[in-house]
Amino acid sequence: MVEVKGLTKIYKLSNRQKKEMNIKDSKKIAVDNVSFTANEGEIFGLLGPNGAGKTTTLRVISTLLKPTRGEVLVEGHDTVKEAELARADICFLTNELKLDPKFTPRYLFRMFGRLHGLSDEIIDARQEELFSIFGIVDFQDKKIEELSTGMKQKASIAVSLVHDPKVVIFDEPTNGLDIITARAVTDYLFELKRKGKVVIVSTHIMSEAQKLCDRIGMIIGGRNVITGTLSEILESTNTTDLEDAFFAIYRTTITNEDELRELNDLDKQIKLHESGNDGEDV
Amino acid sequence: MNTIKTIYYKEMRRVLFDIKMVFGLFIMPILMMVLIYGIMGFMAYTMFRDIEEHKSSVYVYGAPDKFVEMLEDNDKSGVVSKVSDKSELKKLKDMVVAGDADYIIEFPDGFLEDVNSYKDGDKVPQVKTYYNPSEDYSESAMDKYSPVIEDYRLYLLEERVGTLDAVSVFTVDSDNNEAKLQDDSKAGGKLLGMILPYIISILLFAGAMSLGSDSIAGEKERGTMATMLVLPVKRSHIVYGKLLALMTLSAMTACVYGAGMLASIPVATTLMSVNGMKLSISVVQAILLLVLVISMVFVYVAIVAALSVFAKDMKEASTYIMPAYLVVIISGVMTMFRSSDTNLFEYFIPLYGPAMAMRNILTQEITNIELLFTIVVNLIFGALIAFVITKTFENERVMLNA
């Protein structure tokens with residue numbers, strides 16, 4: 001089980017970062033008092049637009065970042081006080097975490113297995129299973145730098161799962177993948193759920209979340225605006241699909257005038273398009 | 001311990017299984033050294049042989065026949081030309097300046113008469129010579145022919161006084177072959193002590209620099225460091241594994257460079273004209289140097305790693321490391337021009353102290369205690385930096401730019 005309790009993460013910005021982001025404040029609240037629980041045998045989805053705080057939340061769960069306030073427990077282990085124990089139960093896959101391009105999937109799988117403290121026999125068995133599921137055998141001895149994006153993603157998933165973790169965290173798992181590889185990944189997420197793992201995925205693709213997730217937590221502007229099953233969210237927003245539900249919540253949440261104006265303009269465009277005019281007539 | 005070993009093997013494998021890196025780190029420098037020393041040796045040999053084979057053109061004005069005969073006997077290959085017109089001397093001097101003539105010897109008019117009719121109080125005739133020190137041929141001609149003038153002077157003196165013993169009063173080292181009491185190996189050590197600390201320091205640091213920035217800043221840049229950080233291993237184990245691998249690889253590069261340099265000592269001896277000096281290192285010196293170099297590698301690797309940790313990418317790491325590299329170069333240069341005894345506290349100065357200790361091992365001017373101090377200080381300094389790196393690995397702002 002993963003328990004996120006009142007998680008707040010505030011970044012201190014350097015002068016260079018302030019200049020790059022064009023802001024004067026030297027602090028940026030990335031995640032603001034977020035709480036949720038992800039249970040065994042379910043896929044929990046973190047939904048939100050880019051920059052909402054999804055990745056920061058996942059990075060805190062995976063112990064890469066420390067919470068400014070609040071706490072996160074992974075299988076009962078505090079991610080700050082018992083970071084190593086928490087990491088032992090986690091698999092964290094994100095685009096920012098890469099495999100060394102100079103090594104082959106087979107070598108990396110063995111190396112990461114050893115770093116997880118596994119015996120060579122267990123590593124061999126896991127390799128056989130995972131390389132077969134993701135079709136890695138054909139390119140297991142090729143260097144990562146020689147692989148396509150899809151092959152790299154498959155290798156990353158296999159390597160991250162070497163220790164058969166209890167908690168699987170995938171940040172944008174199908175981002176940049178072709179339809180076949182994306183399907184292989186989502187199928188495996190269902191398989192992990194069936195095995196009783198805690199699966200947490202973050203995505204901004206609503207259709208993917210609707211299909212994958214048992215429960216969903218929406219994060220907008222760093223805040224956890226709603227958490228529940230798909231039907232609970234649709235019911236509370238009086239909508240029929242997750243995308244409409246998201247926009248309904250988004251509209252009531254955003255305070256930034258520019259974003260609000262942008263959203264209203266988008267609505268006008270859609271209405272004009274539906275009534276037979278395109279945007280050029282406006 | 002297993003974690004450190006796995007990280008160590010991974011780092012070693014990354015370099016040693018990469019043909020480009022092996023070539024760049026181990027083969028290229030040797031090829032460069034062989035090429036550079038080979039070209040230098042060949043050029044020097046060609047130059048010396050060319051000067052040796054050159055037929056010197058010597059012009060003499062007003063010289064007695066006996067002197068000309070002595071000149072021609074001195075070097076059969078040279079061409080001695082007699083000049084009868086004094087006005088030609090101006091033109092000949094211009095030729096010496098231009099490198100077209102090598103040596104001019106001018107006797108005063110009526111030289112032999114003046115010598116033969118000499119009485120007390122008379123003015124002693126003066127023989128003038130002209131050569132061009134910036135021209136190798138001219139300088140070589142001067143070296144070859146000027147002793148003939150001295151021989152001729154003694155010949156005339158002997159004719160005047162009968163025997164030279166009466167006017168010599170005493171001689172200096174005329175049959176003393178042991179005048180030079182130098183310890184050849186110490187003299188050679190002094191020369192090596194001038195060059196080696198500087199070269200070894202910069203080569204060690206250069207090796208650590210390229211490897212260290214790739215291993216730490218390169219991992220951050222490639223996104224593979226974060227992958228390591230989500231593993232259930234102690235950050236300190238990642239640091240130790242990396243530092244040990246970097247130390248091994250840096251020491252390997254230093255050994256390769258060292259072997260290249262030792263192989264080039266014969267060429268260096270020829271080039272520096274240090275015949276008589278023994279350019280070699282004793283077994284004891286080699287062992288002491290090895291122990292010292294290992295502790296230096298530890299410090300250099302730790303410095304490079306510490307600076308790389310704070311860099312976002314390899315380019316930024318190079319910018320941070322460059323000032324430290326300059327300090328190493330300056331420390332090496334300072335040991336080259338130091339003649340006074342080394343104070344004990346100097347061995348405590350990081351970077352400079354070890355370079356000085358290395359020099360003093362070669363010149364046999366360091367005690368065991370002083371060397372021990374240097375090594376212990378080095379190890380403590382390196383350990384402190386390693387501790388800082390370990391702590392920095394815990395810092396999310398530094399490691400993940402968060």
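Visitor: What should I know about the model and the numbering?
Guide: The model is predicted, so local features need pLDDT of at least 70 and side-chain atom pairs count only at pLDDT 80 or more, while totals for chains, interfaces and linings use all residues. Residues are numbered from 1 along each chain as its sequence is written, chains are lettered from A in the order in which they are written, and side-chain values use heavy atoms, with hydrogens and water left out.

Visitor: Which residues of strand β7 of chain A are on each side, and are they buried or exposed?
Guide: Val167(A), Ile169(A) and Asp171(A) lie on one side and Val168(A) and Phe170(A) on the other, and all are buried, where buried means under 20% relative accessible area, exposed over 50% and partly exposed in between, with a 1.4 Å probe and protein chains only.

Visitor: And what does β7(A) pair with over 4 bridges?
Guide: Strand β6 (residues 90-93) of chain A pairs with β7(A) in the parallel sense, and Cys91(A) stands opposite Val168(A); pairing requires at least two DSSP bridges between two strands.

Visitor: How many bridges join β7(A) to β8(A)?
Guide: There are 5, and the two strands run parallel, with Val198(A) in β8(A) as the bridge partner of Val167(A).

Visitor: Switching to chain B, where is Met40(B)?
Guide: Met40(B) is in helix α2 (residues 19-53) of chain B; helices here are DSSP runs of H or I with at least four residues, and strands are E runs of at least two, numbered from the N terminus.

Visitor: Why does Met40(B) count as partly exposed?
Guide: Because its relative accessibility is 38%.
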